[in-house]
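Colleague: I am new to this structure and would like to go through it with you. Could you put it on the screen?

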Amino acid sequence: MKLNRRKLVGLAMAMGLTTISGAAAAQDSCGIDRPIRVIVGYGAGGGTDSYARILAGSIPEFLDNIPMVVVNRPGGAQVAAMRQVLDADPDGLTVMVSAMGGALMSTMIRDQGIDWFEDFVAVAQIGETNQALVVQSESGITTTQELLESIQKKFADGERTRWSHPGRGSVSHIGVTAFLELNGVLEMTQDVPFQGGGETRNALLSGEVGFSASGVHTVPAFANRLVAVGILSEERDPVVDTVATMAEQGIAFVPTSSPIIVAAPAGVTEAYVDCL
């Protein structure tokens, strides 16, 4: 589906969502006696997946050592994962770690037969991803303005700049598309979708694309090869605070971030949600 500028900007603005607070740490297994599946709508190695794996490595000690097993179910901007959780029994054995902005957009732009607020129960917010523009270190590009100039120069030479993202309809895709449109270079680029942040990053590392859209929290692990030239935010990321914002650089943008939410299928007991 082709989205016009007004729709792109409006969707990007809708990404700021209210934090959902979790209950106090559980003191028992929450009535669970088998491993809990944690479904992630993107491939391994990306921003949402990294949150899920940290959760799976941390929570069992609060659940009487009941393990959590991460299951990657990429496809359809998290729709495949949402369907798997939606079809699961609401017995507490299946939860989802979701990039909420993308999950909402993928079910609102098209009728997927899913209503997030009717079909799922939010348990807690465990993080938030600020979207960054990332280039290879060897490119010599260090600012967003330099990236824009590189795109313009390449186009003047007869070539569009390819860029990668974790899937059409994702927060990364919508936010960066709006940024490119606002700065007049959208038609000078070609987006290349993947099924998660890991593949998105690999495309950049291999030189298949000129830049990528990624959660800024994933960049420090590749600091010797990748550089984040700016984040689509008014304020710096509270953890990766060395990356300048678009606001600081005087670049047109729409603030773009996504809360990372743990959710369970509707019908799960209130006691289980409170315990978890």
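Colleague: How many salt bridges does the structure hold?

Modeller: The structure holds seven salt bridges, each being a side-chain nitrogen of Lys or Arg within 4 Å of a carboxyl oxygen of Asp or Glu. This is a predicted model, in which local features need pLDDT of at least 70 and side-chain atom pairs count only at pLDDT 80 or more, while totals for chains, interfaces and linings use all residues. Residues are numbered from 1 along each chain as its sequence is written, and side-chain values use heavy atoms, with hydrogens and water left out.

Colleague: Which residue forms a salt bridge with Arg 236?

Modeller: Glu 248 does, with the closest N and O atoms 2.9 Å apart. Arg 236 lies in the loop between strand E8 (226-231) and helix H9 (246-249), and Glu 248 lies in helix H9, so the pair ties together parts twelve residues apart in sequence. Helices (H or I, at least four residues) and strands (E, at least two) are DSSP runs, numbered from the N terminus.

Colleague: And Glu 248, is it buried, exposed or partly exposed?

Modeller: Glu 248 is partly exposed, at 46% relative accessible area; buried means under 20%, exposed over 50% and partly exposed in between (1.4 Å probe, protein chains only).

Colleague: Changing topic, how many residues has the largest nonpolar core?

Modeller: It has 27 residues, a core being a set of buried Ala, Val, Leu, Ile, Met, Phe, Trp, Tyr and Cys residues joined through side-chain atoms within 4.5 Å. Helix H2 gives the largest share, four residues.
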